[in-house]
Amino acid sequence: PSLDGQDPPALEARTVQVDINPWALGLDKRIRAVRIEQPSIRLRRGENGAWNFNLNMGNMSGAYHLEQAWVQDGLLSVEWSAGRKLELKDARIGIVFPDPPVPQSFTFDAKLPSGEALEGFWMGDVGAGLKARLQARLDGERDVKPALGLPDGFAGTVELTMRMPGGRARV
């Protein structure tokens with residue numbers, strides 16, 4: 001349910017599958033993978049600044065370790081003020097956080113309201129640096145205008161490519 005009490009709820013899913021090894025779960029609190037099919041995540045920010053969903057990460061002692069998470073055919077909607085909303089469809093997300101921490105990755109792709117693809121990738125390793133990429137073709141009328149609440153007549157196309165090449169991190 002949503003914290004703001006409004007419909008639709010903040011989080012729904014058609015199916016959730018959890019892959020565990022009973023020994024690893026009992027001894028190390030380790031979950032191999034979670035697969036979520038057709039989730040609908042609708043985040044809304046109220047006038048008071050509070051979001052309709054909160055993932056409380058305050059007390060992490062005794063927490064379980066999730067090695068992989070996969071989302072298939074998802075809907076992600078983020079509304080941060082009245083009339084300012086971004087809705088991504090057909091979202092696929094993959095997250096891999098092994099323990100001990102070897103290269104960890106996050107991949108994401110979804111369709112913008114215009115139907116164009118939004119793709120992202122992140123890979124990091126303790127002490128080895130970071131690689132990342134975000135790529136999209138934004139339609140001013142269908143993608144940017146509703147997200148930013150811009151006036152009628154806003155149009156055009158923007159090619160967005162951001163890359164962070166790998167490199168060694170220094171402490």
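Me: In which sense do strand β3 and strand β5 pair?

Reply: This is a predicted model. Strand β3 covers residues 30-37 and strand β5 covers residues 65-81. Seven bridges join them. In one of these strands, β5, Trp 70 is the bridge partner of Arg 35. The sense of the β3 and β5 pairing is parallel.

Me: Which element gives the largest share of the largest nonpolar core?

Reply: That core has nine residues, among them Val 71, Leu 88, Ala 91, Ile 93 and Phe 108. Two elements give two or more residues to this core: β6 (84-96) and β7 (104-111). The largest share is three residues, and it comes from β6.

Me: Which residues does Val 71 touch, leaving out those up to four places away in sequence?

Reply: Val 71 belongs to the largest nonpolar core. Ala 91 and Ile 93 are members of that core too. With those up to four places away in sequence left out, Val 71 touches Ile 36, Pro 39, Ala 91, Arg 92 and Ile 93.

Me: Which residue's backbone nitrogen does a side-chain oxygen of Asp 139 reach at the start of α2?

Reply: Helix α2 spans residues 140-148, and its buried residues include Gly 140 and Asp 143. Just after α2, Gly 149 takes a positive phi of about 65°. At the start of α2, the Asp 139 side-chain oxygen comes to within 2.9 Å of the backbone nitrogen of Glu 141.

How values were computed:
Residues numbered from 1 in each chain as written. Predicted model: local features only at pLDDT ≥ 70, side-chain atom pairs only at ≥ 80, totals over all residues. Heavy atoms only, no water. Buried < 20%, exposed > 50% of the residue type's maximum accessible area, 1.4 Å probe, protein only. Helix = DSSP H or I, 4+ residues; strand = E, 2+ residues; numbered from the N terminus. Polar contact = N/O pair within 3.5 Å; in protein donor to acceptor, adjacent residues only side chain to side chain. Core = buried A, V, L, I, M, F, W, Y, C linked by side-chain atoms within 4.5 Å. Contact = heavy atoms within 4.5 Å. Pairing = 2+ DSSP bridges.
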